[in-house]
Amino acid sequence: MSDRLGKAVVVIGAQWGDEGKGKVVDLLTDRVGGVVRFQGGHNAGHTLVIGGEKTILRLIPSGVLRAGVECLIGHGVVVSPTALVEEIGELENRGVPARERLRVSMACPMILGCHVALDKARELARGKDAIGTTGRGIGPAYEDKVGRRAVRIGELASPDTLRERVETLVEYHNFSLQHRYGQQPVSVDVVYEECMRAAATIVPILADIPARIHALRRGGAHLLLEGAQGALLDVDQGTYPFVTSSNTTAGAAATGSGLGPTAISEVLGIVKAYTTRVGAGPFPTELDDDVGLQLAARGNEFGSVTGRPRRCGWLDIVALRRVLDVNGVTAMCVTKLDVLDELEEVKICTSYEVDGKAWHETPVGAEAVARCRPVYETLPGWKSSTLGARRFEELPPAARAYLDRMQELAGVPVDIISTGAERDDTIVLRHPFD
Ligand code: IMP
């Protein structure tokens with residue numbers, strides 16, 4: 001026991017995902033004893049670049065490349081056993097001892113073949129109204145969790161009862177697959193074998209995650225709680241129904257991990273210097289002109305999991321302010337500032353116009369957001385490189401003015417600026433563990 005409990009810092013995406021959370025979590029892990037994922041599944045793609053080598057993590061927390069950091073997957077995450085084993089294999093083939101560093105909650109609901117089949121069948125059936133999901137089975141797996149019929153990953157340790165549990169679940173879903181969607185049924189044998197193949201790798205790393213979290217904190221170790229996707233994809237507070245099926249906002253860091261909410265000392269909101277979105281749904285500041293294409297090209301805006309091109313647009317302060325409020329964000333980390341380097345001017349959306357009236361709040365739900373027209377404030381561009389800057393003073397004055405204006409409008413300080421994909425291309429004005 002240490003005299004002082006370790007701090008817990010939550011990192012969330014403050015837009016529609018892909019803000020660069022993985023890099024920031026990896027950077028901050030030099031000060032922590034554990035990194036915890038608390039929601040989402042392998043729909044996430046967290047890209048880390050260290051010494052020019054790129055690693056894309058989907059399920060495993062972005063602390064796995066550091067020795068001495070426990071990587072914990074909390075019960076709020078839906079886990080595809082096949083995807084988990086694959087990711088462990090990829091890391092171990094590169095010499096990263098993933099299984100030594102990783103523990104998975106026994107209570108995680110599993111994503112199985114029937115969930116993937118249902119996700120795809122539903123998207124097909126929605127036609128032009130498709131959500132644009134990642135097709136990973138995320139939504140159907142969360143439905144099973146709240147429907148109290150999920151097969152949880154801890155059940156991999158009981159092969160005798162597992163077979164019957166898988167059979168009941170697969171047959172339940174086969175009914176809709178065949179009779180609602182006119183698709184082929186999923187084979188119980190195939191799903192059961194999928195589970196049994198993964199069991200040998202996963203069963204030894206199953207653990208009681210709340211117990212690990214509290215043991216680490218009582219020993220004085222700090223924790224990072226790593227969000228996936230972004231706050232505007234939150235199932236309750238995002239642009240419903242064009243959202244993911246989990247709570248991506250900071251409160252889920254407590255419910256999805258087993259950490260009490262009073263233990264959270266800071267919430268760091270990761271904000272891209274502009275905005276991107278993958279999949280369908282309203283996006284008030286979307287650009288369908290050359291500037292949008294330029295942002296996509298310079299920012300390499302393609303999904304790290306699905307490879308889909310991301311939609312690009314200006315920074316939206318109205319949406320951001322709501323996100324900062326509902327997540328209790330204490331500081332922002334701005335990423336990909338360098339993508340704006342070549343622009344003559346940069347814009348920030350400071351309010352909306354809805355049916356001819358000024359609007360200063362993000363309305364609820366996709367239909368209402370779709371009616372918002374952005375009202376912009378224009379700032380001069382800096383037309384010089386910010387790539388790789390490591391001190392605030394190295395940034396050109398116009399880039400500093402952009403960041404200043406951003407924090408002034410948002411009402412929350414910018415504590416970290418990421419200036420490139422490499423771990424060290426970062427300006428840390430205040431470290432959340434100081
Ligand atoms: P699902 O999470 O696969 O059900 O997809 C629902 C929505 O969330 C779609 O618009 C996806 O493009 C989006 N989404 C899911 N995961 C991510 C992510 O990691 N980054 C960005 N968008 C995501």
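Val9 stands opposite Leu224 in strand E8, where strands are DSSP runs of E with at least two residues, numbered from the N terminus. The model is predicted, so local features need pLDDT of at least 70 and side-chain atom pairs count only at pLDDT 80 or more, while totals for chains, interfaces and linings use all residues. Residues are numbered from 1 along each chain as its sequence is written, and side-chain values use heavy atoms, with hydrogens and water left out.

**Strand E8 and its partners**

- Strand E1 (residues 8–13) pairs with E8 in the parallel sense over 4 bridges; two strands pair if DSSP finds at least two bridges between them.
- Strand E2 (residues 34–37) also runs parallel to E8, and 4 bridges join E2 to E8.
- Within E8, Glu226 is the bridge partner of Arg37.
- In a regular strand the side chains alternate between the two faces of the sheet.
- In E8 (residues 223–226), Leu223 and Leu225 point one way, Leu224 and Glu226 point the other way, and all are buried.
- Buried means under 20% relative accessible area, exposed means over 50%, and partly exposed lies in between, with a 1.4 Å probe and protein chains only.

**Domains and their interface**

- The protein chain is divided into domain 1 (8–106 + 204–265), domain 2 (113–202) and domain 3 (271–428), with bounds that come from an automatic or database domain assignment.
- The C-alpha centres of domain 1 and domain 3 lie 24 Å apart.
- In domain 1, 36 residues are in contact with 37 residues of domain 3, contact meaning heavy atoms within 4.5 Å.
- Between them, domain 1 and domain 3 bury about 2700 Å², of which 59% is on carbon and sulfur atoms; buried area is the accessible area (1.4 Å probe) that two parts lose on being put together, summed over both.
- There are 2 salt bridges between domain 1 and domain 3, each defined as a side-chain nitrogen of Lys or Arg within 4 Å of a carboxyl oxygen of Asp or Glu.
- Asp18 forms a salt bridge with Arg310, and their closest N and O atoms are 3.3 Å apart.

**Cysteines**

- A disulfide is a covalent bond between the sulfur atoms of two cysteines.
- The search of the whole structure finds 0 disulfides, with a disulfide counted as a pair of cysteine sulfur atoms within 2.5 Å.
- The cysteine sulfur closest to that of Cys114 belongs to Cys195, and the distance of 9.0 Å is too far for a bond.
- Cys114 counts as buried because its relative accessibility is 0%.
- Cys195 likewise counts as buried, at 0% relative accessibility.
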